[in-house]
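Here are a few friendly notes to read with the model open beside you. Take them one at a time and look up each residue as you go.

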Amino acid sequence: MQPSQTDNDTRTNAARTHTAPSLTKSLLALASGAFILGAAEFVMMGILPQAAAATNVSIPVAGHYISAYAFGVCAGTLILVFGRRVPPRNLIVLFMAIALIGNLGSALSTGQGMLLAARFISGLPHGAFFGTATLIARTLAPRGKEARSVSMMVTGQTVANMLGVPAGTLLAEAVSWRCAFLLLAAWAAMTIALTVAWIPRVPPIKDAGIKGQFAFLKHPGPWFVIAGVFGGNTGLFCWWSYVSPWLQTVGGWPSALVPALMVLAGLGMVIGGIAGGRLTDRWVPGGTAAVSHAIGVAGLLLVFLAPGTRPITAALTFLVAFSMFFNSSPQQLLMVQAGAGGGELIAGAAVQVAYNFGNAMGSVIGGAALTASAMNYHTIGLAGAPFTAAAAILFAVFSHRYEHRRSALERLERVEV
C-alpha cells in the first residue's frame, strides 16, 4: 500500500519547490475547507429543534436533515470519477462553490423539501474534498512529514467540532438557526479566495480511466482499512450520537454547560488529530490507527462501567473524542497510498464514505441499545465497544501483514497488497 518510487520522486520534487511559508498557507486554506465541511455536517445536530419548528416537522422527521448530508457525501464521490483530469486545486474551488450553494440554500429554505435538497447538496463535496485535500497535503509535504501535513489539514474539521458547532448552536439560540448556514456560506466564499491565492498548482493524478481508479479495490489491504473505518466509527458513534443526553443523564450536567463540554470534546479531537499525525510519521499508519481504536474501546468500556460523576464523564468526553480523530490522518494517508497510480482521489474519498456509513449505523445501534435498556445511557458504551474493538483488530492485522518495515526510509519502497 505504499507509494511507488516514481510517485515519491514526483511528490518530493514538488514539495521542494515550495518554501515553508507557502506550505503553511496551503495547509491553512485546506484546513479552512475542512472547517466548513466539518461544521456543516455536525451543526444540524445542535440546531435540530429550531430547524424542525421552522419547517413544521417533528424531531424524528427532522433527523432526515442529518441523513440527507450523509447521502450527499456518498453520492459526491462520483465527482472524482469524472474529475480525474482536473488539477486538484481547481477541484477544491469546485467543492467550496458547491458548499457555498448548499449552505446558502439551507439558510434560505422555506420548507422540508428544500432543506433536504440543500443538505444533500452540502454533503456532495465532503468525501471528495478530503480525498483531494489529502493528496495535495501529502504532495506538498517534505519527505517523512506527510502524515503531519495531512493532520494539519484535518485539524480544520476538528476545530469545527470544538468551536464551529457550539458557536452555531449558540447563534441559533440567540438569533436564528439560518445564521449558522449563512456564516458557513460566507466562509466557503472566503476559502475559494484562499485556495486560489495560497494553494500552488499540483498536477492531476495519472489518468487510469474510470475502471483504473477503482483498481486498488482488487487488493485486500484497502478493504481492511475501509472495514476498520466503518467499524470504528460505528462503535464510537453509538456514544457520540447521544453524548448530550448522556452527559445530562449520567453525568448530571445541566444543559447550559453541555456546549462547554462540546468544546472540551473538540479540544480532544484537535489534540488527537495532531498526535496521530506525528506518531504516523515516526511509526506506521496502520499501527497508529490500531492504537487509536484501542483507546476508543477503553473509553467506551468505561462509559459502560464507570459511575456517573461530572469529573468522570468530562474526562471520558475528552478521551473518546481524542480517539475519534487520532486515526484521521493515518487512515486518510493509507487509502491515498493504496490508490497510487490513478485511484488516489477515489481511495481518499472512500474513507469519508465509510466514516459516514459508520456514523449512521452507530446512531441506529446506540438508539436500539437505549430502547432495549429502558434508556440506560451506560449501555451505549457496551453497544459500541465490540465494533471499535473489531476495528482495532483489523488495523493490527493489517499492520502485521503489510507494515513489517519500521524505517521511514524503507517505507518509501513499494509494498504490494
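Predicted model: local features only at pLDDT ≥ 70, side-chain atom pairs only at ≥ 80, totals over all residues.

1. Next, find Q331, which sits in helix α16 (residues 328–338). Its relative accessible area is 3%, so Q331 counts as buried, because the cut-off for buried is under 20%. Setting aside neighbours within four places in sequence, Q331 is in contact with V225, V229, A289, H293, V351 and F395.

2. F71, I101, F120 and I121 make a nonpolar patch of about 370 Å². One of them, F120, belongs to helix α7 (residues 112–140). With a relative accessibility of 32%, F120 is partly exposed.

3. Finally, the cysteines. A disulfide is a covalent bond between the sulfur atoms of two cysteines. How many disulfides does a search of the whole structure find? The search finds zero. C238 is in no disulfide, and the nearest cysteine sulfur, that of C74, is 18 Å away. A pair would need its sulfur atoms within 2.5 Å to count. C238 is buried, at 0% relative accessible area, whereas C179 is partly exposed, at 23% relative accessibility.

Terms used. Residues numbered from 1 in each chain as written. Heavy atoms only, no water. Helix = DSSP H or I, 4+ residues; strand = E, 2+ residues; numbered from the N terminus. Buried < 20%, exposed > 50% of the residue type's maximum accessible area, 1.4 Å probe, protein only. Contact = heavy atoms within 4.5 Å. Patch = residues over 30% accessible without salt bridge, like charges linked within 9 Å, V, L, I, M, F, W, Y side chains within 5 Å. Areas by Shrake-Rupley, 256 points an atom, 1.4 Å probe, with all protein chains shown as cover. Salt bridge = Lys/Arg side-chain N within 4 Å of Asp/Glu carboxyl O.
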